[in-house]
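Please keep the sequence and the model side by side while reading.

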Amino acid sequence: MQQHIDSYDFTGKKAIVRVDFNVPLNEQFEITDDTRIRRAMPTLKKVLEKGGSVIIMSHLGRPKKVDPKFSLKHIVGRVSECLGVPVQFADDCMKAGEAAAALKPGEALLLENLRYYAEEEGKPRGLAEDASEEEKKAAKAAVKASQKEFVKTLASYADCYINDAFGTAHRAHASTALIAAYFPNDKMFGYLMEGEIKAIDNVLKHAERPLTAIIGGSKVSSKLAVLKNLVGKVDNLIIGGGMGYTFIKAQGGKIGLSLHEDELIPDALEILKEAKEKGVNVSLSVETVAGQKFENDTPQRIFPTHDIADDWEGMDAAPASLENWKKIILASKTILWNGPVGVFELPNFAKGTLQIAEDLAEATRNGAYTLVGGGDSVAAVTQMGYADKVSYVSTGGGAMLEAIEGKVLPGIAAIQE
Ligand code: AMP
């Protein structure tokens with residue numbers, strides 16, 4: 001049975017907490033952005049305040065074996081500063097039994113990178129490129145078998161399990177999902193995870209209507225599952241960014257050199273048809289800012305989106321599109337935004353995305369619930385200074401995308417089931 005961190009009695013207990021400390025490091029192994037460390041603090045502090053101790057586990061980067069470059073020892077100092085207690089370090093996550101057993105209430109132990117072991121992800125490593133299917137199968141079976149011991153060892157360190165790593169919630173790894181089975185009555189979400197789940201539910205399960213999704217970004221192919229899931233749920237679907245041109249072309253528009261995927265035209269038409277059948281209002285771009293080259297200082301011209309000249313490329317949303325979208329956004333009670341509506345990395349083509357961020361901020365001020373989640377729209381709102389002007393900005397790119405695709409995330413299911 002799932003517990004709640006606020007009501008669970010941590011007195012004298014050891015909590016093993018999966019966090020996402022996968023922070024960026026520079027060449028001197030200094031942390032360049034400690035957001036992920038800071039976001040996990042409320043959960044860790046709560047356990048310590050309530051008389052427990054914490055065994056913190058995380059991955060860092062994608063090591064394929066023990067590799068000092070990806071050691072979590074680089075971050076021990078910062079974690080200690082944030083937590084306000086000196087954090088001990090176990091330099092092998094499989095040999096931390098003694099250190100864990102010696103923890104007293106209020107103390108913290110950080111385990112070395114879980115991904116030093118193939119068992120964390122449960123995927124075989126070091127297979128020869130020309131390995132036969134049989135060899136691959138045997139290697140997979142071997143790592144799955146040793147994964148059981150790996151999970152059991154981690155679980156043996158603690159009395160309860162907390163998952164606060166939303167960024168890896170879409171992975172069925174040892175520390176994110178499998179370990180929960182060892183704590184059938186002592187497993188719970190941390191605050192960060194809880195916030196993410198609430199945000200997803202606010203949009204997908206009990207949204208106040210009208211519900212609007214703004215889906216942008218580069219390719220229809222990477223958002224197809226998102227669009228297919230949302231078309232049955234939302235009242236308005238705004239489709240912008242590079243992926244919008246496939247829809248315009250599907251309707252017979254001339255899109256010049258704009259990004260598009262011909263092979264996805266049937267899917268685009270299917271989505272439009274389904275939207276019509278379900279009474280969903282789809283709003284495509286009507287006006288585009290185009291450039292002649294994919295660079296910031298290229299000359300700009302505005303075209304109707306269905307009539308872009310042959311040697312021009314659509315790179316941002318233009319005022320007529322933005323006005324349409326603003327009206328929809330401001331009339332909505334719940335808004336989900338995933339993907340920029342232009343090439344926002346080039347400042348001269350960032351205006352459309354900035355305008356959407358402003359509209360979302362205004363809608364939020366007026367009482368709407370606004371969630372920015374998955375990938376580059378998160379980078380855009382953060383970079384543009386709008387992160388605290390919307391209701392929630394998700395911390396998990398891939399995990400949020402899978403959640404809005406309607407998938408059950410293994411890290412969430414393992415706690416709830
Ligand atoms: P995604 O990761 O699918 O959300 O896509 C984000 C990327 O889409 C960003 O790097 C944007 O630069 C890009 N993008 C947005 N609009 C356009 C466009 N009109 N043409 C090309 N790329 C775009």
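The secondary structure of the protein consists of 14 helices and 17 strands; these are DSSP runs, helices being H or I with at least four residues and strands E with at least two, numbered from the N terminus. The radius of gyration is 24 Å, close to the 22 Å that the globule rule gives for 417 residues, so the protein is as compact as a globular protein of that length. That radius is taken over C-alpha atoms, and the globule rule is 2.2 Å times the number of residues to the power 0.38. Along its principal axes, the C-alpha trace spans about 70 × 55 × 45 Å.

This is a predicted model, in which local features need pLDDT of at least 70 and side-chain atom pairs count only at pLDDT 80 or more, while totals for chains, interfaces and linings use all residues. Residues are numbered from 1 along each chain as its sequence is written, and side-chain values use heavy atoms, with hydrogens and water left out.

Of the 417 residues, 53% are buried, meaning under 20% relative accessible area, against over 50% for exposed and in between for partly exposed (1.4 Å probe, protein chains only). Among contacts (heavy atoms within 4.5 Å) with a separation of 6 or more, 72% join residues 24 or more positions apart.

The domain assignment gives domain 1 (14-192) and domain 2 (200-404); such bounds come from an automatic or database assignment. Taken over C-alpha atoms, the centres of domain 1 and domain 2 are 36 Å apart. At the level of residues, 6 from domain 1 are in contact with 10 from domain 2.

The buried ones are Ala 399, Met 400, Leu 401, Glu 402, Ala 403 and Ile 404. What do they pack against? Their partners are helices H6 (191-204) and H7 (220-230), together with strands E15 (334-338) and E16 (369-372). Just after H13, Gly 406 has a positive phi of about 90°.

Within helix H13 lies Glu 402, one of the buried residues named above. Setting aside neighbours within four places in sequence, Glu 402 is in contact with His 170, Lys 407 and Leu 409. Glu 402 and His 170 are 232 residues apart in sequence, yet their C-alpha atoms are 7.1 Å apart in space.
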